[in-house]
Structures are given as C-alpha cells and as structure tokens.
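Welcome to this guided tour! Open your viewer, get ready to select residues by number, and follow along stop by stop.

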Amino acid sequence: MRTMNEDAFFQEIYRTTPLGIAMFSLEGDLVKVNPAFCLIMGYSESELLRTSCRDLIHPEDRERYLTSLEKLRSRPAKEMFETELRYFQKSQKVVWASVCTSMMADTEGNPQGYLIQINDITKSKRAELKLQESAESNNKAKSEFLAMLSHEIRTPMNGIIAMADLLESATELDEEQSEYIKIIRQSGQTMLAIINDILDFSKAESGKTELQEDLFDIRKCVEETFDVLSAKAYEKKLDLTFQIREDVPEMMVGDAKRLKQILMNLVGNAVKFTPSGSIAVDVKKLAQDTRTMTLEFKIRDTGVGIPEGMADYIFEPFSQVNNCMTGNHEGTGLGLAITKKLVGLMGGKIWVEPNEGAGSTFVFTAVLAKGK
C-alpha cells in the first residue's frame with residue numbers, strides 16, 4: 001500500500017471536503033477557493049477569483065462582518081471567530097452559511113489575508129425561520145384573541161360596578177346589604193383591573209401599543225401618580241416622597257399617560273409590598289443630545305424586597321414574586337411585564353438594583369424629546 005505525503009493528504013482534504021474553503025486578501029479579493037466553495041456559491045473557480053468577498057455577502061450582513069474582520073486583525077494570528085452570514089449565489093438566490101474566519105500571517109505574525117470555512121445551513125435556517133414566523137403568528141393571534149375577549153368582558157363588568165353604585169345610592173339598605181354591595185363593587189373593580197392588565201399586555205404583545213408625542217409637565221406627571229397612591233400610603237403610614245433634579249426640564253415631549261402608567265405600576269407595587277417605612281422616587285438626567293434627553297427614574301422602598309435570583313423572573317408575564325414571599329396579594333402578574341414593554345417602547349431599560357438591606361430598588365430609563 002502506497003503512503004501519501006502530508007501535502008498530498010491535505011490537498012485531498014481541501015479538494016473533497018463538503019466545507020467551502022476560501023482565502024482572500026486584506027483588501028477582500030478572493031485568491032483561492034476549493035470546489036465546495038464554488039458549489040455553495042454557484043460560481044466557477046475562475047469567476048470567483050475575479051470577485052471580492054464583499055460582493056458575495058448580503059448587504060444587511062456585510063458591515064457587521066467587515067467590522068469583525070477589522071477586530072480580528074488586531075488579535076493574535078491563531079484566533080478566529082464564527083458567525084452566520086447570508087451570501088448571494090450567482091443566481092441571486094440567498095444562501096445561509098455558518099462561517100469560521102481566521103487570520104493568515106507570515107512567519108513574523110504580520111497579517112497577510114484571511115481564511116474562511118463555510119458550511120451551507122440554508123435548509124435548517126429556513127426551517128428555523130419558518131418555525132419562528134409560525135410562533136410569532138400564533139402569539140399575535142393569541143394576543144388579539146385576549147384583547148378582544150378582555151374588551152368584551154370589560155363592558156358588562158363596568159355595568160355591574162355601575163349597578164352596584166346605583167343600588168347603594170338609590171335604595172334603602174341595611175348594614176348587611178351594604179356590606180354585600182361593597183364586596184360586589186370591590187370584586188368588580190379587582191376583576192376590571194385584571195381585565196385591563198390583560199388588555200394592555202395583549203396590545204403590547206401584538207405590537208398595537210402606540211405612544212403619543214405631546215408636550216407635558218414631568219413634575220405634574222409624578223405628582224399626579226403620588227396623588228392617586230397617597231391614600232393607600234397614608235393608611236399604612238408610609239413616608240411617600242419624590243425628588244426631581246434641577247437639571248431635568250419642566251416640560252418634555254412624550255406619552256405622559258404611559259409614563260404615568262409605568263410609575264403607577266412601580267410605585268403601586270412599592271406601596272403594596274411595603275408594610276412600614278418609606279418609598280422614595282428620584283428622577284435625574286442621564287444623557288442628552290440635541291433633540292432628546294434620557295431620564296432615569298429610581299424607585300426605592302423599605303418593603304419585603306426581592307428574593308435572590310428572582311430579579312429577572314419578575315418581569316416575565318404572569319410571574320408573581322409575591323407568591324414566593326407572602327402569597328396574600330392579588331394580581332395577574334402582568335404589571336411588571338407590561339411596564340417592561342412600555343419602557344422598551346420609550347427607548348429605555350428597566351432593572352432591579354441589588355439591595356444590601358431590606359426593600360427593593362427599581363430603576364428605569366426613558367428617552368423623551370426636549371420641550372420647546
């Protein structure tokens with residue numbers, strides 16, 4: 001049996017492997033390609049050697065890949081990176097490929113070009129995208145169904161609450177009957193709050209939540225939130241305060257109603273889960289450009305706090321961190337999920353800061369346009 005020398009062995013691998021292999025210069029010109037690379041791209045070898053690597057990459061992926069190449073040049077020669085790219089075949093069909101790129105260098109480590117290995121993953125990628133589209137379609141249908149159902153239930157529920165109010169005000173009731181009416185009204189209001197949460201969440205999930213762009217007074221927005229929640233805070237003897245830094249303009253442009261909804265959810269939760277102590281809101285300027293300003297809202301309380309490991313979970317739909325702690329608070333578990341969606345629509349982020357002692361600190365940012 002004849003033995004094959006090392007060079008011939010690697011040449012055979014290069015020629016027969018199903019992986020596309022290509023070398024291109026620092027300028028992006030292809031200088032060597034194997035048969036598999038030609039087959040994947042749908043070009044002949046001679047056609048590819050007159051082509052730039054940039055010309056083959058889908059425009060939406062090109063800049064990202066070229067940026068990665070520049071970063072690779074500053075690393076050691078043996079390093080590589082992997083990514084997924086879309087390429088155009090000669091027929092202009094798009095092919096998805098898993099791409100591994102490494103730097104070619106001379107004996108002194110000076111960059112000479114790049115070596116890429118590509119694997120055609122078009123079939124699996126199309127299947128993945130189809131499943132993703134199907135899941136998104138199902139989620140949209142589910143959200144639209146929930147929105148329709150919530151809307152249909154909300155109308156008769158408002159009627160029940162109105163009739164309970166009318167029955168109490170227009171008829172003579174004894175003490176026991178008044179208590180029954182009070183329970184009916186409270187139950188109806190709780191049910192209505194749950195329906196509104198589901199409606200808000202389903203609208204956000206289906207992409208139907210739109211923000212308004214109006215001039216509003218940010219201090220008034222915070223004050224009105226506190227006005228609504230002050231009665232509950234007073235009942236629990238909580239110290240409820242807020243501070244808006246001097247560098248925050250009085251007037252901003254954005255959706256005051258949605259910003260107030262975010263604050264109502266977060267400050268309302270703080271009141272709910274704080275048996276004693278205080279709740280403080282701090283608003284400050286985080287960044288700005290010529291047109292917009294990023295504000296940071298920080299809500300601190302001295303309540304029961306967030307269990308370790310639950311900080312990310314609480315923003316998931318239908319999660320109720322209170323079930324793990326007290327088990328005696330009502331709600332859908334949608335409030336923080338809705339809040340996260342609204343914060344995202346405002347170009348911001350929301351997170352929980354770790355607290356050394358009791359209580360919790362929620363922080364969110366919002367990008368608002370500067371008022372004229």
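How many salt bridges does the structure hold? The structure holds twelve, where a salt bridge is a side-chain nitrogen of Lys or Arg within 4 Å of a carboxyl oxygen of Asp or Glu.

Before you click, some ground rules. Residues are numbered from 1 along each chain as its sequence is written, and side-chain values use heavy atoms, with hydrogens and water left out. This is a predicted model, in which local features need pLDDT of at least 70, side-chain atom pairs count only at pLDDT 80 or more, and totals for chains, interfaces and linings use all residues.

**Stop 1**

Select Arg185 and Asp165. Their side chains meet in a salt bridge, at 2.6 Å from N to O. Arg185 belongs to helix α7 and Asp165 to helix α6 (residues 122-170), so this pair links distant parts of the chain, 20 residues apart. Helices (H or I, at least four residues) and strands (E, at least two) are DSSP runs, numbered from the N terminus.

Is Arg185 buried or exposed? Arg185 counts as buried, because its relative accessibility is 15%. Asp165, at 34%, counts as partly exposed. The cut-offs are these: buried means under 20% relative accessible area, exposed means over 50%, and partly exposed is in between (1.4 Å probe, protein chains only).

**Stop 2: a strand and a loop**

Now select Asp282 and Arg245. These two form a salt bridge whose closest N and O atoms are 2.7 Å apart. Asp282 lies in strand β9 (residues 278-288), while Arg245 sits in the loop between β7 (239-244) and β8 (251-254), so the pair ties together parts that are 37 residues apart in sequence. Asp282 is buried, with a relative accessible area of 10%, and Arg245 is partly exposed at 31%.

**Stop 3**

Lys284 is in strand β9 and Glu296 in strand β10 (residues 292-301), so parts that are twelve residues apart in sequence are tied together. Lys284 is partly exposed at 27%, whereas Glu296 is buried at 9%.

Which residues does Glu296 touch, not counting those up to four places away in sequence? Among them are Asp282, Val283, Lys284, Trp351 and Phe364. Contact means heavy atoms within 4.5 Å.

**Stop 4: a network**

Select Glu60, Asp61, Arg64 and Arg86. These residues are linked in a network of salt bridges.

**Stop 5: two surface patches**

Patches are made of residues with over 30% relative accessible area and no salt bridge; like charges are joined within 9 Å, and nonpolar side chains (Val, Leu, Ile, Met, Phe, Trp, Tyr) within 5 Å. Accessible areas come from the Shrake-Rupley method with a 1.4 Å probe, and for residues only the protein chains shown count as cover.

Select Asp174, Glu175, Glu176 and Glu179 to see a patch of negative charge on the surface. Asp and Glu count as negative, Lys and Arg as positive, and His and the chain ends are not counted; the place of a charge is NZ of Lys, CZ of Arg, CG of Asp or CD of Glu. Glu179 is found in helix α7 (residues 175-205) and is partly exposed at 40%.

Finally, select Phe145, Met148, Leu149, Ile153 and Met191, which make a nonpolar surface patch of about 430 Å². Which helix gives this patch its largest share? That is α6, with four residues. Leu149 lies in α6 and is partly exposed, with a relative accessible area of 37%.
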